[in-house]
Amino acid sequence: MTELKNDRYIRALLKQEVDKTPVWMMRQAGRYLPEYKEIRAQAGDFMSLCRNADLACEVTMQPLRRFDLDAAILFSDILTIPDAMGLGLYFENGEGPKFERPICCKKDVDNLIMPDPEVELQYVMNAVRRIKKELNGSVPLIGFSGSPWTLATYMVEGGTSKAFTKIKKMAFADGEILHALLDKLSESVIQYLNAQIEAGAQSVMIFDTWGGVLSPRDYELFSLQYMHKIVDGLHRTYAGKKVPVTLFTKNGGQWLEKIAATGCDCIGLDWTIDIASAKERVGDKVALQGNMDPSILYASETRIRQEVDIILQGYGKGVGHVFNLGHGIHLDVPPENAKIFVDAVHELSVPYHIR
């Protein structure tokens, strides 16, 4: 096995000493890069890009050529599992993902296939293997999945939603159906992420994009308990190496202590919570990832560096911080501003790691 030349990201997740704060960006491979747009046009459509291991590898590597990032993240989509379950995923210009056959009743849940990661989702595993080879130990590779609740919102709503009325109707009028769906999704995510780990992912992340639309009680019932189940089912070591797990719930700041209690290694933070407060609440139980507002990247170099400094000061000295945006980078951010951000994290964080 190739040893990591830069293991800063893994060490931070495991709350070990580092020389400077590691940094990567959610959606770091994507539409804000002109070279990505060229590959996307070559592929023809988004899912064709995801299904081509060579092209998925290329777009994964693109930001690493531009920026001094401490991790690569698999280029894929959170909706690969529902697609492999037979719901007919497609994308319409300007409207986001949609499903031809959304979940409406118990029969729909019963008829869902449980995708084999090396059959229906083999293209993802092929991409992981291809990217891992291309990285050649330069930085770690992050695998990921959507959370069961977030995947279920798309599957029941039939696509993106603002009010989430269909899935909340199912939750409160036909809760048994939704729990059956969430159970199936949990098992599928466990198999999917473990297969990514076996294929070469050195850390995994679960994106709970829509957990924040739930009440505190319903968040525990419909989202958190299933992420906890996944954490319990994952390979936490592979080939003699620890495999850290990060949970990210957008607008989940009120539940940090409960998220930490799942046994995850790191909690991803959005920008709606102060990182100093988050650190005080979770103590040394988990690492923290975050949490700059992506819109700061529209600002001047001075303002970007100022915001980086403010967040570093908030976390303070010590181990366990992975710097990131509080959500994905916006598609119209100038790439040069992303470079300013990454370089500022490395430069300004050094004093926080001098013993």
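**Ground rules.** I number residues from 1 along each chain as its sequence is written, and I leave out hydrogens and water, using heavy atoms for side-chain values. For this predicted model, local features need pLDDT of at least 70 and side-chain atom pairs count only at pLDDT 80 or more, while totals for chains, interfaces and linings use all residues. I take helices (H or I, at least four residues) and strands (E, at least two) as DSSP runs, numbered from the N terminus.

**Entry 1: α8 and α9.** I looked up how helix α8 (residues 148-157) meets helix α9 (residues 165-173), and found that their axes come within 8 Å and cross at roughly 110°. Axes here are lines fitted to C-alpha atoms, for helices over the stretch in contact, with angles running from 0 to 180 degrees between N-to-C directions. That makes α8 roughly perpendicular to α9 (65 to 115 degrees; under 35 is roughly parallel, over 145 roughly antiparallel, the rest oblique). For contacts (heavy atoms within 4.5 Å), I listed Trp149, Ala152, Thr153, Val156 and Glu157 on the α8 side, and Thr165, Lys166, Ile167 and Met170 on the α9 side.

**Entry 2: β8.** Is strand β8 (residues 245-249) mostly covered or mostly open? I found it mostly covered, with five of its five residues buried (under 20% relative accessible area; exposed is over 50%, partly exposed in between, with a 1.4 Å probe and protein chains only). In a regular strand the side chains alternate between the two faces of the sheet. In β8, Val245, Leu247 and Thr249 point one way, and Thr246 and Phe248 the other way. I then checked pairing, which needs at least two DSSP bridges between two strands. Leucine 247 stands opposite isoleucine 206, and its bridge partner in β9 is isoleucine 267.

**Entry 3: aromatic pairs.** I found 10 aromatic pairs (ring centres of Phe, Tyr and Trp, its six-membered ring, within 6.5 Å; planes under 30 degrees apart are stacked, over 60 edge-to-face, the rest tilted). Phenylalanine 46 and phenylalanine 75 are edge-to-face, because their planes stand at 65°, with centres 5.8 Å apart. Phenylalanine 46 is in helix α3 and phenylalanine 75 in the loop between β1 and α5, so the pair ties together parts 29 residues apart in sequence. Tryptophan 149 and phenylalanine 222 form a tilted pair, 6.2 Å centre to centre and 40° between the planes. Both tryptophan 149 and phenylalanine 222 are buried.
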